[in-house]
Structures are given as structure tokens and as C-alpha cells.
Amino acid sequence: MSHDSPAPRPGPSSQGTARRAGPLKGTCRVPGDKSISHRALMFGGIAGGTTTVSGLLEGEDVLGTAAAMRALGARVERSQGGLWTVEGVGAARLREPEDVVDLGNSGTGARLFAGLLAGQPFTTILTGDASLRKRPMARVTDPLSSMGARFEGRSGGRLPMAIVGTGTPEAIHYRLPVASAQVKSAVMLCGLAAEGVTTVEEPEPTRDHTENMLRHFGATVVVADNGAGGRIVTLEGRPALTGGHITVPADPSSAAFPLVAAALVEGSEVRLTDIGRNPLRTGLMTTLQEMGADLGIENERIDGGEPIADIVVRHSALKGVEVPPERAPSMIDEYPVLMVAAALAEGKTVMRGLGELRVKESDRLQVMADGLAAAGVEIETGEDWMVVHGGGGKGPAGGVTVATHLDHRIAMSFLVLGLVSENPMTVDDVAPVATSFPVFEDLMGGLGADIDFGGDAR
Ligand code: S3P
């Protein structure tokens with residue numbers, strides 16, 4: 001599916017409703033990978049020369065990054081047919097933005113720009129929407145302060161926040177206290193401006209799109225095992241980055257919604273094309289396979305340096321499983337929709353090590369627990385875990401309205417639940433869906449789902 005302009009965002013707080021209907025059938029390509037799209041625009045903007053990007057996610061989070069890069073002096077343009085072009089500043093350096101930079105709902109934007117701007121010799125003020133203004137920033141400002149930048153934020157280091165950057169940051173060795181690709185990337189982006197080698201040690205491997213793309217643009221990035229299940233990433237400072245072409249695969253985190261929907265709705269068969277298969281992003285697929293999902297991985301290939309494949313999913317009965325906590329970084333954004341899959345499985349699904357879900361666009365553990373319980377799903381939950389007792393193929397009662405708390409993945413997860421619950425599920429606000437999956441309603445409708453943005457449960 002290709003769109004020449006981003007989908008218009010629905011009005012404020014419009015509801016969305018999903019109802020049971022026939023099987024899901026067809027072929028589709030979900031929008032481009034959000035993580036790779038942010039990085040393509042940011043890294044293209046600091047590299048020398050021209051970067052071209054095909055398959056960019058034209059969702060609000062990424063469009064916010066495009067606007068921020070323009071405010072910082074890069075030329076970012078979309079041409080006919082959806083190819084994006086970035087003229088990077090290269091050795092000329094970024095320029096101080098004239099106004100506050102608003103990153104909307106995007107935690108990735110906020111953390112990665114904090115790193116990038118910490119290494120620039122000027123002051124930038126970052127802000128975002130009500131969700132982003134609640135999210136913790138100390139996880140990036142702590143290491144970036146030790147590299148020489150200064151930050152003035154609200155209590156708890158939250159946005160709006162001023163970043164007083166330094167043109168001469170210090171290279172550090174940093175051990176991540178949480179498994180977070182955003183924090184790793186922030187330290188590496190500041191490390192680009194440092195003399196010497198910046199090292200980030202991660203307790204568990206997290207998505208490595210920053211490492212891959214910086215290398216693609218000419219940086220020296222070396223990744224080694226730390227001997228304890230984690231990784232050590234080293235980056236040589238002050239590389240001469242040169243732009244190139246980036247092909248953005250379809251986002252496995254967006255594919256998760258039609259994928260789980262097709263697995264749950266009887267009689268379904270859906271082909272999802274060009275899905276990113278980076279091994280640090282495939283945790284949901286592994287878990288669904290363990291649950292007995294009928295998934296075919298076809299046409300595996302490498303495109304633009306990333307492994308991709310088509311995924312064919314057919315309805316099948318699922319059984320509950322224990323999800324190993326060390327798998328969490330490879331499926332961190334997919335837990336909400338996994339909880340929906342678990343609600344239909346036979347027996348219980350145990351998910352542990354979910355602490356990071358509490359600091360996403362919403363407190364996803366709490367919001368999912370509340371919504372699932374209201375819909376009639378039997379759950380147990382604690383500080384960083386959830387157990388879902390599945391209905392063995394039978395959907396829950398549904399028939400309720402769930403608050404999405406400005407969280408796209410909460411909205412889409414409960415709409416998927418509405419496709420298999422006895423009564424429709426309504427979410428109070430579908431506007432956030434446009435941050436990552438602006439064509440969700442049309443794409444799901446094209447497969448035969450009854451999802452209506454702007455409707456009420458009847
Ligand atoms: C992202 C990393 C993840 C993920 C987010 C995108 C990235 O966050 O939840 O949607 O692009 O680096 P953490 O690294 O903080 O877990």
C-alpha cells in the first residue's frame with residue numbers, strides 16, 4: 001500500500017470501535033519501521049551529502065523528527081512517489097533552532113535528539129505532548145551529563161527540557177542500567193561528536209538499528225559479546241559520515257496487529273509483505289510460534305542491509321506459554337497485543353520482566369490490565385508481571401470503552417480484541433494511532449475487519 005501524503009489525523013478524542021465480523025483475508029504491507037525511519041532522517045541530516053529514504057513511515061512521530069531536523073538546518077523533502085531526500089549538514093554542523101522543538105508523542109525522538117543535541121555547541125529546548133511530558137528522561141540525561149552536556153528540565157527531568165550542548169563532549173564507557181536501545185543510541189549520538197572511543201555496554205541485546213545505520217554511513221562501530229548475555233558496543237568518535245540510500249522495511253511492531261488479528265479470527269489467512277526480520281525484533285513471532293500460531297515465513301531476503309520476509313498467518317488455536325523475561329527487549333512494544341492473543345489462548349500465559357512497559361507512551365501494564373479486566377478477561381498482575389488466563393478460543397464479553405491514554409499501541413490492541421470479543425470494543429481516542437500506523441483503519445478494513453474510527457459501540 002503506498003500513500004502520497006500522510007493520512008489526516010482524526011479530530012481530537014474521536015472514538016474507534018471494533019466488532020466481530022468474517023475472516024480476515026488478503027495481502028498488505030504495513031507502514032515503514034518507526035525506529036529505522038527516525039534514524040534515517042536524523043543520521044541523514046548530520047551526514048555529508050544526500051540520503052534517500054524509501055518506505056519511510058509517514059506517521060506523526062517520524063514527521064515530527066523531519067520537522068526537527070529542518071529546524072536544525074538539514075533539508076528534508078518528500079518527492080512524488082514517496083521517496084524522501086535529506087541533504088545533511090555534514091561538517092557544517094547543525095544550527096541552533098529558533099524555537100522550541102516539539103516532538104509530539106515520540107519517546108524515541110526525545111531520547112535520540114537529547115543525545116544528538118548534547119554534542120552540539122548550542123541550546124535547544126525540547127517538548128512534547130502530555131504523554132511525552134510525563135516520560136522519564138533521566139535515563140538519557142545521566143550519561144549525557146557525564147559527557148559534558150547540561151540539562152534543565154521539570155521535576156524528575158521531564159520535558160520541556162533545555163539541553164545546553166557541548167561541541168566537545170567526552171567519550172565515556174557507559175553500562176546501561178536498563179535494556180534500552182533509545183538510551184544506547186543517545187550515548188552513541190553524543191559520542192559521534194567526542195574525540196576517542198565511546199563504549200556502551202548493554203545487559204541484554206537491544207535493537208541495533210543505530211549501530212547498523214551509522215556503519216552504513218561510514219562510522220566504525222564494533223559490537224562484541226560481554227560474556228554475560230549482553231553486548232559491548234564501541235564507536236570511534238568524529239567519523240566522517242556520508243549519506244546513502246536507506247530502504248525502510250515494513251515495521252514488525254505494526255505488523256503485530258494484523259498478525260495477531262488473523263491468528264485469532266476464525267478462517268483468516270493474511271500475507272504481510274516486507275516485514276523487518278532483524279533478530280532483535282522477532283520476539284513476538286517466536287512467542288506466537290510457541291503458542292501454536294500458524295505462521296509461514298516466506299521469501300526471506302536482505303534489503304537495504306536489513307533482513308526482511310513475507311509472513312503468512314492463518315487462524316489456529318493458541319495455547320498459553322511462559323514468555324522468558326530475557327526476550328522482553330526483542331518484543332517490548334508487542335506485549336499489549338500479545339496480551340490480547342493470550343486472552344484467547346487455552347490456559348495461562350505468564351509474562352515477566354515487564355517493568356519497562358510502565359514508562360512507555362502510557363503505563364502499558366496498568367492500562368492493559370484495566371482494559372482486559374473490564375472486557376472480561378481473567379488476569380493477575382504485579383509490579384512487573386502479568387498472567388492472562390485465556391478463554392480457549394472463546395473471546396471475552398467485551399462491550400466496554402477503554403481509555404487509551406494517548407497510546408497508539410493500547411488503542412490498536414483493544415481494537416484487535418474487539419474483533420473476537422462477544423460485544424464490540426470501543427477505545428476513547430484513536431488519534432494516537434496516527435503516530436505509528438496512520439493507515440490502520442483502512443488497512444484492517446481492507447482485510448475484512450470491522451473497525452470504525454468515529455463510531456460508538458452499540
Ligand atoms: C525504540 C526502542 C524501544 C521501543 C521504542 C523504539 C528505538 O524503546 O519501545 O518504540 O527506536 O530505539 P526502549 O529502547 O526505551 O526500550
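Which helix gives the most to the lining of the largest cavity? Helix 7 does, with 4 residues. The model discussed here is predicted.

The largest cavity has a volume of about 90 Å³. Its lining consists of 13 residues. Nearest the centre of this cavity lie Pro252, Ile275, Arg281, Leu284 and Met285.

Two or more residues of the lining come from each of helix 7 (252-264), strand 15 (269-276) and helix 8 (283-290). Sorted by class, the lining of the largest cavity has 8 nonpolar residues, 2 polar residues and 3 charged residues.

## Largest pocket

The volume of the largest pocket is about 580 Å³. A total of 35 residues line this pocket. Ala179, Ser180, Ile332, Glu356 and Lys360 are the lining residues nearest the centre of the pocket. The lining by class contains 16 charged, 10 polar and 9 nonpolar residues.

Both domain 1 (16-32 + 249-453) and domain 2 (34-247) contribute to the lining of the largest pocket, with at least three residues from each. Three helices each supply at least two residues of that lining: helix 1 (34-46), helix 3 (107-118) and helix 5 (181-191).

## Ligand surroundings

Which residues are around the ligand? They are Lys34, Ser35, Arg39, Thr108, Ser180, Ala181, Gln182, Arg207, Ile332, Asp333 and Lys360. Ser180, Ile332 and Lys360 are also listed among the residues nearest the centre of the largest pocket.

For arginine 39, an N or O atom of the side chain is 2.7 Å from a ligand oxygen. For aspartate 333, the distance between a side-chain N or O atom and an oxygen atom of the ligand is 2.7 Å. For lysine 34, a polar side-chain atom lies 3.5 Å from an oxygen atom of the ligand. On its own the ligand has 380 Å² of accessible area, and the protein covers 96% of this.

## Backbone details

Where is the cis peptide bond that involves proline 160? This bond runs from leucine 159 to proline 160, and its omega is near -5 degrees. Proline 160 belongs to strand 9, which spans residues 158-164.

Asparagine 299 is not a glycine, yet its phi is positive, at about 60 degrees. This asparagine is found in strand 16, which covers residues 294-303.

Notes
Residues are numbered from 1 along each chain as its sequence is written. This is a predicted model: local features need pLDDT of at least 70, side-chain atom pairs count only at pLDDT 80 or more; totals for chains, interfaces and linings use all residues. Side-chain values use heavy atoms; hydrogens and water are left out. On a 1 Å grid over the protein atoms alone, a cavity is a set of points where a 1.4 Å probe fits but cannot get out, and a pocket is an open set with protein on both sides within 12 Å along at least five of seven lines; lining residues have an atom within 4 Å of a point. Grid points are joined across faces, edges and corners, and a volume is the space filled by probe spheres set on the points. Ala, Val, Leu, Ile, Met, Phe, Trp, Tyr, Cys and Pro count as nonpolar, Asp, Glu, Lys and Arg as charged, and the others, Gly among them, as polar. Domain bounds come from an automatic or database domain assignment. A residue is near a molecule or strand if one of its heavy atoms lies within 4 Å of it. A polar contact is a pair of N or O atoms within 3.5 Å; within protein, one must be able to donate a hydrogen and the other to accept it, and residues adjacent in sequence count only if both atoms are side-chain atoms. Accessible areas come from the Shrake-Rupley method with a 1.4 Å probe; for residues, only the protein chains shown count as cover.
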